[in-house]
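Reader: I would like to go through the terms used for this protein, one at a time, and see what each rests on.

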Amino acid sequence: MIESPMNDINDKKPKVSYNSARFMLSAPDLAHCPADTGYEVAFAGRSNAGKSSAINTITINSKLARTSKTPGRTQLINFFTLNIPGCRLVDLPGYGYAKVSKEVKAEWQKNMDEYLHARESLKGLVLVMDIRKPLSDFDTMMLEWAEASQLPISILLTKGDKLRPGAAKNMLAKVKSELKEFEYLSSVILFSSLKKTGVENARNQLDQWLMPSGN
Ligand code: GDP
């Protein structure tokens with residue numbers, strides 16, 4: 001497991017500039033996603049976990065993923081282009097809105113299941129968890145889906161600023177220990193959008209998926 005993936009400083013290939021992220025399109029389901037070529041990394045999280053804030057922090061763009069919850073947009077898969085052709089970030093619909101009906105939840109589940117299983121260009125999944133309540137039922141479900149799809153996962157334990165540093169480190173160790181049998185775990189990163197902690201670690205993890213050697 002990599003806690004702090006590092007770039008090779010001698011690496012001359014073009015770098016992903018996360019600030020170059022631009023909205024591309026929103027898709028209601030797999031059929032409406034962009035052509036399945038290139039490399040993409042998706043962000044998932046329970047609603048209110050801090051996913052939109054994490055995307056905005058990583059891309060240094062406070063408006064990219066909307067932090068305000070607009071009904072209608074919440075069920076869509078949102079794609080963002082990057083400066084490297086064929087590389088994309090994907091904001092998956094949040095989960096856990098109290099007001100959402102059973103039918104909408106079932107539809108969400110079907111679309112996520114299809115996307116995670118069938119999407120060839122999907123190289124990694126960032127699972128955003130509020131550090132104060134990690135490994136919810138939703139998170140476990142995502143971990144199981146990732147395992148079934150042999151998809152590497154990085155966990156962002158966000159809102160790290162809400163805990164004292166010692167407690168945050170303990171939680172990091174606890175999550176790692178609870179998931180030590182999970183073979184698709186690439187990294188667990190202590191993160192805070194407020195304090196900008198863990199941002200470089202997160203970008204380095206994305207680099208590894210979007211720009212693997214040979215790409
Ligand atoms: P999403 O539903 O997962 O996209 O969550 P949001 O990014 O919209 O964040 C939900 C709430 O948590 C908002 O009020 C954010 O301001 C707050 N939040 C998100 N990240 C952080 C963080 O790192 N630290 C703190 N203190 N609050 C955060």
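Reader: What makes a set of residues here the largest nonpolar core, and which members touch the most others?

Author: A nonpolar core is a set of buried Ala, Val, Leu, Ile, Met, Phe, Trp, Tyr and Cys residues joined through side-chain atoms within 4.5 Å. Buried means under 20% relative accessible area, exposed over 50%, and partly exposed in between, with a 1.4 Å probe and protein chains only. The largest such set has 37 residues, and Leu-92, Tyr-115, Leu-125, Leu-127, Met-142, Ile-153 and Ile-155 touch the most other members. The model is a predicted one, in which local features need pLDDT of at least 70 and side-chain atom pairs count only at pLDDT 80 or more, while totals for chains, interfaces and linings use all residues. Residues are numbered from 1 along each chain as its sequence is written, and side-chain values use heavy atoms, with hydrogens and water left out.

Reader: Which elements give two or more residues to this core?

Author: Among them are strand E5 (122-130), helix H3 (137-148) and strand E6 (153-158). H3 gives the largest share, six residues. Helices (H or I, at least four residues) and strands (E, at least two) are DSSP runs, numbered from the N terminus.

Reader: Which residues is Leu-127 in contact with, leaving aside its neighbours within four places in sequence?

Author: Contact means heavy atoms within 4.5 Å. With those neighbours set aside, the partners of Leu-127 include Ala-44, Phe-138, Met-142, Ile-153 and Ile-155.

Reader: Why is the pair of Trp-108 and Phe-138 called tilted?

Author: Rings of Phe, Tyr and Trp (its six-membered ring) pair if their centres lie within 6.5 Å; planes under 30 degrees apart count as stacked, over 60 as edge-to-face and the rest as tilted. Trp-108 and Phe-138 are 5.9 Å centre to centre with 50 degrees between the planes, hence a tilted pair. Trp-108 is in helix H2 and Phe-138 in helix H3, so the pair ties together parts 30 residues apart in sequence. Trp-108 and Phe-138 are buried.

Reader: What makes the pair of Phe-182 and Tyr-184 edge-to-face?

Author: Their ring centres are 6.4 Å apart and their planes stand at 70 degrees, so the pair is edge-to-face. Phe-182 and Tyr-184 are both buried.

Reader: How do you know that Lys-123 lies over the face of Tyr-39?

Author: A charge sits over a ring if NZ of Lys or CZ of Arg is within 6 Å of the ring centre and within 35 degrees of the ring normal. Lys-123 is at 5.5 Å from the ring centre of Tyr-39 and lies over its face.
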